[in-house]
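Please read it beside the sequence and the 3D view.

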Amino acid sequence: MNKIAASPLSPGRLTVLASLLASLSVSAFAASPDIVISQVYGAGGNGSGANVATYKHDFIELFNRSGAAVDIGDWSVQYASSTGSSWQVTRIPAGTRIEPGQYFLIREASGAAAVPDTPSDLNGSIPMAGAAGKVALVRNGTALGGTKPTGATVVDLVGYGSGTNGFEGDAPTAGIGNTSSASRAADGCQDSDQNGVDFSIGPVAPRTSASPRNMCSGGEPVAAPIVASCPAGLQVEQGSGGSALLSASDADSIVNNAVIVSGAAPGIGLSGLAPAGAIGASASVTLQVGAAVAAGSYPVKVSFTNNDSQEQSCTVAVSVAGQLSIPQIQGSGPASPYAGTVQSTEGVVTAKLGNSLFVQDPVGDGDPTTSDGIYVFNSNAALVTGINPGDRVRVSGKVTEYRPSGANRTYTELTEIAQVARLASGQSVTPTNIVLPNADLARYEGMLVRFVSDLTVNQNKYLGDRGELTLAYGRRENPTNRYPAGSPEAAALAQENAANEVVLDDGIFSAPAVIPYLGEDNTVRAGDTVSGLTGVLDYGSIGGGGAAFKLQPTEAPQFSRSNPRPAAPSLPAGVKVASANVLNFFTTFTNGGDAWGRTGQGCTIGSRTAASECRGADNMTEFVRQRNQIVASLKSLDADVVGLMEIQNNGDVAVGYLVEQLNAAIGQPVYAAVPAPAATGTDAIRVAMIYKPAVVSLVGGALSDSDRINNRPPMAQTFKAGNGARFSVIVNHLKSKASCGGATGGDLDPGNGQGCWDTTRVNQATRLADVFIPQVVQAAGDPDVLVIGDMNAYAFENPINLLTSKGLVNQIERFVRPQGMPYSYVFDGQAGYLDHALASAALSAQVAGAAEWHNNADEPEHIDYNLGDTVQDPYRENAYRASDHDPVVVSLDLSAPYADVTASVKVTQGGLTMNRATLKYSGKLTFTNTTAVPLSGPLHFVLQGLTEGVSLDGASGTHDGAPYLTLPGAALAPGASVSVTVTFSNPSKKAIGYTPKLFSGSF
């Protein structure tokens, strides 16, 4: 049909409108868009059998409800899941038009069912959900955001199916399926902006541009609305004023007037109205803000009208910036008193980070409670082109209190920057000297500062991916590493630590292309120091979560290797026992490969076996790097017994492979694996042990405690040293502090430093002390027990306090604490030891020394074996950062179980007589205690150097190849004697000779 020509006060137009408004089915969409989504189908190609889809492709059908052709070129249809906020886009080509009453079908992704293809006018590739989702028609090709998008660019929104959270009106459409679609009523004409009312569910019936047209309301045109174009905001500086151009058009009438309907103030008005010159042309008007308008925010609502008495309005957020100094903006409180207002201020640029600036009043207000600097957050590069540090600038923007994710405070900054004007160049600001600890760094936020004391690196975990180092004055100790959890002392230390921190950043807000601050050996260690640190004090999110004050350096930091890489510990002579966490050493990789080049392999947790259950290297390349670091570490450690944690739980495969590689690196078969006990748990990792057979030998088999409280059963092995002394080693790996899912009651994080699963760890420690250690002692027949391993508890947390209360002696506290802070792990910029050496009372007296080897915890995580975590790859094949835990080493000066007491006795030997009937030789020996102290039993008479071919009848055993007899009685008092008769078999009738020796103790 021909569109009715519109003219001022056209009676024909008014009659049509009156007719349309009289009809309920039509009045609902009188102000709705011309182009609507008329049908949605998301189950294309789904199902099978009786429930197979009607068509192979999903589709979105559009319809032109109006009486005029509409250009939809460069528009898009978009899809998001029923509750999602990520929108997929199918863009409509430029020049695409939909005629009045015409449909337009956009075909999307297909399914697998062998059903007819969906007809289409345009092909997309979006996979839509079959039962519930949401689709939008948008005036551009930019992906939407949010779950229920709104705004001028959103032409139409349809949410279909139960549970959908984005729709027009009170409810989405009903659910659709494989053989049903949601279709707009009146063949697409009805639009009440209520999806639940406007759509019904029925058979799938796609319509294309070739389908019969459907003219709404008998073919009469629908009145087009006025479309206003206004800026969202206008920022001006008090005393300067400003303006903005507003416009509006109407496709079927003439926009001829504009007025302010709300938000006006003296000095704010409209000028220069230029009505539209023709139907569809634009009218324009200028919004003027005078120089005298007071600082503040003014939401100015402007109404446009046309010659058919239609009206459309838009709101411009006018912000008039006041003129304040930076200290005035900052204020003395935790937040700016001008937050939310637009202000102008002046200062000197102290740093430029990307397009943002740090600006400081070079004089300040002399009030130490107000900061003299401020951060200017700007994303418009054009505003700061040519602006450099040392320039004095005037900046206009909104005062904002920014709260980073996880932060407990806000940070005052300027945002929505309207102006950066250079006033002068070559200016300077003197850095303010500050120190740590400092509980009130907020007074310096945004300022140029210098730390007058050397600061110490306390954490380097996020250096590679964020360019961050956590610094403090000295090393910070985890509070529960020194004091019991929940104690006033622990709380005080936590508070002191919190005030003793600043994060050195690298001046960029993305992953660094070049890892900063590394020394020539490709590391910067916790414990290294930096002097004269100068920069601007920022505040923001940090690696690991939360937020902190951050220094963006303006001068290159000068580091000193104050904590050089140490060699493996040197301890007093003895049997050396070590505890080493090998950080998920798996011979099976996450890509399904393994150490022998096989593919399709997996790791086992409980009854599940899959590559996704593996935790170590991702591939052979990473594995070789990991293996070589661990081998280098163990080789340098050179312990006689090593307890291993986080090794793959695949029998003795992984530990056996590690022993082979370690021996190959040494050049001879020095180590062997302790065979696995019967139970190694159902976790993907286990504890294990390796040892030097030339130094110690196994006594019996390994034991473990498979009680269900132990997710990783402890493993025990009894050894015998060269002097005959027995001792038992128990390797432990208690429940982790993290991975809190499923924790309840006492296993929840109490916030006192112990983390999650404390009750479980206490129960594991109780089981260890009350059940497993006694079992090991009984099986060994010896009370000497060393408990080692990753307890996932710091020195004075509940599990360790329980074990020491049961009589175990903490060797780290005994030997390491007096030399300085003990630690084997660094977390959240605080150090402490999770890796322990606890000796039974009987063994503690035989411990000659204990030490930690800081080859791992102080090193940056990014130098480990993993590939692709950072742009650079600073890995080097050595013993450093072989794990995230430091090894612990203990030297045992084991007492021999026997002693030579020959010098303490007088030996009286009678002559030998021969029994002619038996041809045996017999004689009597008497041992008399010639000392003033008793000789403890049992006492053994050893016949050293007994004539070859002669044997001792009824020998109790042999010692160093010589037969012996155990004397009667438990001990020999001073002056007391004990006699024994010896009988020899001497078939060659040789002269019988030997040297009598007396030993006290057990062989």
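Two strands count as paired if DSSP finds at least two bridges between them. Helices (H or I, at least four residues) and strands (E, at least two) are DSSP runs, numbered from the N terminus. This is a predicted model: local features need pLDDT of at least 70, side-chain atom pairs count only at pLDDT 80 or more, and totals for chains, interfaces and linings use all residues. Residues are numbered from 1 along each chain as its sequence is written, and side-chain values use heavy atoms, with hydrogens and water left out.

**Strands**

Strand 27 (residues 448-451) pairs with strand 26 (residues 432-434) in the parallel sense, over three bridges. Here Ile434 has Phe451 as its bridge partner. Strand 27 also runs antiparallel to strand 32 (residues 534-541), again joined by three bridges. There Leu448 is partnered by Val536.

An open sheet of five antiparallel strands has the order 51-62-56-59-58. Strand 51 (898-900) and strand 58 (957-959) stand at its edges with a single partner strand each, so one side of each has no neighbour in the sheet. Three bridges hold the antiparallel pairing of strand 58 with strand 59 (residues 962-966). In that pairing, Thr958 stands opposite Pro963.

Buried means under 20% relative accessible area, exposed over 50%, and partly exposed in between (1.4 Å probe, protein chains only).

**Disulfides**

The structure holds four disulfides (cysteine sulfur atoms within 2.5 Å). With the bonded cysteines numbered in sequence order, the pairing is 1-2, 3-4, 5-6, 7-8. Three of these links are tabulated, including their S-S torsions.

| Pair | S to S | Torsion | Hand |
|---|---|---|---|
| Cys189 and Cys216 | 2.0 Å | about -90 degrees | left-handed |
| Cys230 and Cys314 | 1.9 Å | -55 degrees | left-handed |
| Cys603 and Cys614 | 2.0 Å | 100 degrees | right-handed |

Cys189 and Cys216 are buried. Cys230 is partly exposed, at a relative accessible area of 23%. Cys603 and Cys614 are both buried.
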